[in-house]
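Biologist: I am new to this structure. Please show me how to read it.

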Amino acid sequence: MASAEGGGDKYRSFLHGDGEKKTVWRHGAPPNYDLVNKLFEEERTKEWAEGSVEEKVQRLLKTWEMEMVHKVRPEDQKSVNLKNYSASTNGLKPLTREEVMAMGGYNAFLATTLPPEHRIYDPEAESVESATSTFLTAFPRGFAIEVLDVYSGPPAPRIAFKFRHWGYMEGPFKGHPPHGGRVEFFGVCVFHVDEDIKVEKAEFFYERGNFLASFLTAPAASASASGCPVMRGAD
């Protein structure tokens, strides 16, 4: 994964520079990560040395997330294999790139088998735009992500790692008022990559139910930042 270009974002590649001049962005321009980078730097639990395996995996993760959410055309997504790509969450049916792009990254990540009447958030009832608006409103400072451990790293064909995703609910979420507390979850991801370290398949495992329940009431302040999720499959 290349380093940041042209003095741009220091944690993500392919966001600025000559290589992005023809990129089609979902909102007309590259996203600004200043606020979430500040949150990340203030509250990360690991600070990886530049060039380390962990830093490379973290950069790939942040770049992949940025491109899947903000870049409209497959040919602009440089962290992903152009011809072969699929993604799955908690062992559910893998989605093709076309399916992920049609439903949006948030909705794909929050896929569930729960009956609609039991869903705090129903990805099947949301569009790409409404999903993005929902989470940007709930997390005005963004939703930070860090890599906690790398179990197998590049250049292996499978990159397995543990991650932490967090933010502060300072805006409403689906009719629930903001509680101002930290909303976070921990998970495990396996990126299957090609010889150029482009993602061909992304597999995520995390506690979806606990994450969404955190929007209803502020999590206990004593929650450990070193906890590990119990993988329960699809919820």
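Predicted model: local features only at pLDDT ≥ 70, side-chain atom pairs only at ≥ 80, totals over all residues.

Biologist: How many helices and strands does the chain have?

Modeller: Helices (H or I, at least four residues) and strands (E, at least two) are DSSP runs, numbered from the N terminus. Here there are six helices and six strands. Their order along the sequence is α-α-β-β-α-α-α-β-β-β-β-α.

Biologist: What share of the residues is buried?

Modeller: Buried means under 20% relative accessible area, exposed means over 50%, and partly exposed lies in between (1.4 Å probe, protein chains only). Of the 235 residues in the chain, 48% are buried.

Biologist: How do I read a pair of aromatic rings?

Modeller: Two things describe such a pair: the distance of the centres and the angle of the planes. Rings of Phe, Tyr and Trp (its six-membered ring) pair if their centres lie within 6.5 Å. Planes under 30 degrees apart count as stacked, over 60 as edge-to-face, and the rest as tilted. This rule gives 24 aromatic pairs. Take F109 and F185: their centres are 5.9 Å apart and their planes stand at 35°, so this pair is tilted. It links distant parts of the chain, as F109 is in helix α4 (residues 105-109) and F185 is in strand β5 (residues 182-193), 76 residues apart. Both F109 and F185 are buried.

Biologist: Which other ring pairs with F109?

Modeller: Y206 does, and that pair is stacked, with 4.5 Å between centres and 5° between planes. Y206 is in strand β6 (residues 199-206), 97 residues from F109. Y206 is buried too, like F109.

Biologist: Where do charges sit over rings?

Modeller: The test asks for NZ of Lys or CZ of Arg within 6 Å of the ring centre and within 35 degrees of the ring normal. R12 lies over the face of Y33, 3.7 Å from the ring centre. R164 lies over the face of W166, at 3.8 Å.

Biologist: Is H70 buried or exposed?

Modeller: H70 has 16% relative accessibility, so it counts as buried. H70 is found in helix α2 (residues 53-70). Contact means heavy atoms within 4.5 Å. Beyond neighbours within four places in sequence, H70 contacts V24, W25, R26, H27, P31 and Y33.

Methods. Residues numbered from 1 in each chain as written. Heavy atoms only, no water.
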